[in-house]
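Good morning, colleagues. May I ask you to turn to the structure on the screen?

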Amino acid sequence: MSDKGVTRFSVSVPPKLLEDFDKAIGNMGYERSKAIRLAMQNFLTEYRWASEKGKEGVGALIMLYDHETRGLEEKLTEIQHEYRTLINSTTHIHLDDQNCLEILAVNGDVKATRSLAEILMKERGVKQLKLATLIV
Ligand code: NI
């Protein structure tokens, strides 16, 4: 990303939205310009992931599942082997007697990453799944 210089622009928003925004960023210790820059970058990342045109991205797939569901762990491992070119690493955390948390670092084709998330989510015993995405 080229950050040579800055461009100033003005934006029209409802007063309540600005008030809530300023309150939130104040709590976070951000200045308005920095918060707007971060929001614009997140917007672009979402847009690029949504447009899926030959884009590469990085991210984390976070998954909570029931480890007592018969055959689930074998199935999840099998799926991860199929998508091994996309998955850089997997961290497994045994949360309690029943629940496991897995965090998959993903790096590669955006469309394939989304397919991986959908395939994992469909497995019985997968309770929650989130895909956090970034464009480098
Ligand atoms: Ni476990």
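This is a predicted model: local features need pLDDT of at least 70, side-chain atom pairs count only at pLDDT 80 or more; totals for chains, interfaces and linings use all residues.

I begin with strand E1, residues 56-66. Strand E1 runs antiparallel to strand E3, residues 99-109, and eleven bridges join the two. At one of these positions, Asp66 has Asn99 of E3 as its bridge partner. E1 also pairs with strand E4, residues 126-134, again in the antiparallel sense, through eight bridges. There, Val58 stands opposite Leu134 of E4.

Let me turn to the core. The largest nonpolar core comprises 17 residues, and those touching the most other members are Leu61, Met63, Tyr65, Leu76, Leu104, Leu116 and Leu120. At least two residues of this core come from each of E1, helix H3 (72-82), E3, helix H4 (110-122) and E4. As background, nonpolar side chains in soluble globular proteins tend to be buried together.

Which residues does Leu120 contact, once neighbours within four places in sequence are left aside? The contacts of Leu120 are Leu61, Met63, Leu76, Ile79, Leu104, Val126 and Leu129.

Is Thr113 buried or exposed? Thr113 counts as buried because its relative accessibility is 0%, where the cut-off for buried is under 20%. Not counting residues up to four places away in sequence, Thr113 touches Trp49, Leu86, Val106, Gly108 and Leu131.

Thank you for your attention.

Methods: Residues are numbered from 1 along each chain as its sequence is written. Side-chain values use heavy atoms; hydrogens and water are left out. Two strands pair if DSSP finds at least two bridges between them. Helices (H or I, at least four residues) and strands (E, at least two) are DSSP runs, numbered from the N terminus. A nonpolar core is a set of buried Ala, Val, Leu, Ile, Met, Phe, Trp, Tyr and Cys residues joined through side-chain atoms within 4.5 Å. Buried means under 20% relative accessible area, exposed over 50%, partly exposed in between (1.4 Å probe, protein chains only). Contact means heavy atoms within 4.5 Å.
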